[in-house]
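Here is a short briefing to read alongside the model. Keep the 3D view open and follow the residues as they come up.

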Amino acid sequence: MDKSTGLQFDVYDAYRTHITEHFEMNREGALKMKELLEHSPLVWNGSLDKTLQIPKVFDSETISDFRRITDITYKIFGKVVDEYRRNAGYRALFPFSKELEELILLPRQYEGFLPIARFDLFYNEKTGEFYFCEINTDGTAAMLRDLELGKALICNPAHQEVIRKFKLRQFELFDSFIREFMKLYNTYPKKKNHPNIAIVDFLDNATLRDFEEFARRFQKAGYNCEISDIRSLRFQDGVLYSETGNRIDAVYRRAVTADVMERIGEVTPLLDAIRSDSVFMAGAFETQILHTKWLFHVLHREETKAILTEEENSFVEMHIPRTNLLVESKVNLDEIRNNKDDYIIKPMDAYASKGIYVAGKECTENEWNVLVAKLEGKGYICQQYCPQYETDNIDFAWGDGKWHPYINMPGLYVYNGVFSGVLMRTCIGGEIIVAHENERTLPVFEVLGK
């Protein structure tokens with residue numbers, strides 16, 4: 001499928017032409033944008049989310065494709081979650097502890113199984129070919145990044161010229177989630193008319209500015225909402241309380257399951273409230289089935305093929321990279337050593353680029369062999385390396401002010417099964433995107449016409 005003549009490419013060409021013809025003007029605009037961002041909510045713990053001069057624009061054809069990808073993926077995931085709940089043999093395919101399995105199998109409180117997610121893709125905009133990179137669930141973040149970077153384009157001369165020629169629309173990522181959250185809450189048998197809502201996480205490890213914007217939006221929609229450290233909650237007489245003493249009726253869990261399990265002794269009040277069905281929580285711990293990187297391995301198993309349709313199995317075969325434990329009994333280590341450019345090594349369960357993510361393409365043969373020997377049997381996975389799609393862009397504010405190819409990784413925000421927007425992360429071609437290091441985030445727009 002050739003999509004290279006789509007409207008989004010006309011928009012890109014318009015940005016590039018303006019930058020080329022008005023180079024100094026755009027450089028000065030980028031420095032003004034940098035100064036604006038340095039005084040924005042995107043500054044957190046001494047770091048700042050960085051961007052490039054050309055934002056990401058998709059046309060209606062690509063957005064329709066994203067919706068199609070979301071719909072079929074969501075159906076597949078629903079079948080996987082249901083099979084995990086129903087079938088003890090299927091559960092055994094996942095590397096979860098008995099303690100975590102007990103939490104996953106707690107009764108679901110709402111009519112749905114995935115309140116929030118981001119499906120990160122390697123997507124070729126010209127052909128429509130794509131591969132999944134990973135699935136993020138409860139800790140899905142960076143909505144504020146897209147919002148604030150979009151605002152900062154007021155300083156970008158090329159963008160101001162483009163919006164005089166094309167009609168662009170930015171995705172709304174906060175109110176849309178609150179609507180879906182409340183849809184889920186309203187299916188809860190013990191729902192209250194005016195629930196008190198708490199956004200909970202380990203706040204020393206949280207994207208707090210996102211939380212603050214979500215809290216403002218909940219309040220604007222007419223709901224009491226506060227941000228609470230998950231360790232500070234108190235459960236007494238069948239009621240969960242925040243550290244300020246307020247009753248909590250509904251929880252928006254941002255704490256990722258790996259962190260909960262690592263500090264499980266510190267979150268007993270919340271777990272007791274969930275076990276006794278004394279509070280609503282989105283999302284339930286079953287979301288870990290989809291968050292774990294081991295999911296990609298299970299999707300290719302015969303046990304999963306048996307519960308999927310022919311179309312769904314074909315989708316998995318084409319778009320889910322082959323994945324296995326980096327253990328001699330599971331993979332052919334000689335094959336991996338001798339074909340380094342075909343593989344990437346990742347931690348089994350990590351997020352925000354934590355741990356060691358290394359593609360064979362980045363290593364010499366000796367470096368790769370040493371790494372494989374070092375990580376074999378240490379809880380890492382070895383995954384099929386997926387081709388990258390690159391677009392030229394330019395970084396006046398933090399880079400060298402020259403054109404470079406950047407790899408593109410669109411993350412599809414999915415709220416209760418509904419495609420809701422895109423997070424676009426990039427880095428200079430040939431590298432792996434590492435959060436808050438080489439990463440550049442682009443605000444995302446849909447072009448509606450001229």
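Let's start with Tyr-185, which is buried, with a relative accessible area of 0%. Please keep in mind that this is a predicted model. The tour begins with aromatic rings, moves on to charges over rings, and ends with a sheet and its helix.

**Aromatic pairs**

- There are 30 aromatic pairs in the structure.
- One of them joins Phe-177 and Phe-214: with ring centres 5.7 Å apart and planes at 80 degrees, the pair is edge-to-face, because planes over 60 degrees apart count as such.
- Phe-177 belongs to helix H8 (residues 175-185) and Phe-214 to helix H9 (residues 208-220), so this pair ties together parts that are 37 residues apart in sequence.
- Tyr-185 sits in helix H8 and Phe-280 in strand S13 (residues 280-282), which links distant parts of the chain, 95 residues apart.
- Phe-280 is buried, with a relative accessible area of 0%.

**The ring cluster**

- Which residues do ring pairs link into a cluster? They are Tyr-110, Phe-174, Phe-177, Phe-181, Tyr-185, Tyr-188, Phe-214, Phe-218, Tyr-252, Phe-280, Tyr-413 and Tyr-415.
- Phe-177, Phe-214, Tyr-185 and Phe-280, the residues described above, are among them.

**Charges over rings**

- Arg-16 lies over the face of Trp-403, 4.1 Å from the ring centre.
- Arg-263 has its charged end over the ring of Phe-202, at 4.4 Å from the centre of that ring.

**A sheet and the helix across it**

- Four strands form an open sheet in the order S14-S17-S15-S16, and their pairing is antiparallel.
- Which strands stand at the edges? Strand S14 (323-325) and strand S16 (358-359) do; each has a single partner strand, so one side of each is left without a neighbour in the sheet.
- Strand S15 (residues 343-347) pairs with strand S17 (residues 380-384) over 5 bridges, in the antiparallel sense.
- To find your place in the pairing, look for Tyr-343, which stands opposite Gln-384 in S17.
- Helix H17 (residues 365-375) lies across S15, S16 and S17, and runs at about 35 degrees to S15.

Methods:
Residues numbered from 1 in each chain as written. Predicted model: local features only at pLDDT ≥ 70, side-chain atom pairs only at ≥ 80, totals over all residues. Heavy atoms only, no water. Phe/Tyr/Trp six-rings, centres within 6.5 Å; stacked < 30°, edge-to-face > 60°. Helix = DSSP H or I, 4+ residues; strand = E, 2+ residues; numbered from the N terminus. Buried < 20%, exposed > 50% of the residue type's maximum accessible area, 1.4 Å probe, protein only. Lys NZ or Arg CZ within 6 Å of the ring centre and 35° of its normal. Pairing = 2+ DSSP bridges. Contact = heavy atoms within 4.5 Å. Axes fitted to C-alpha atoms, helices over the stretch in contact; angles between N-to-C directions.
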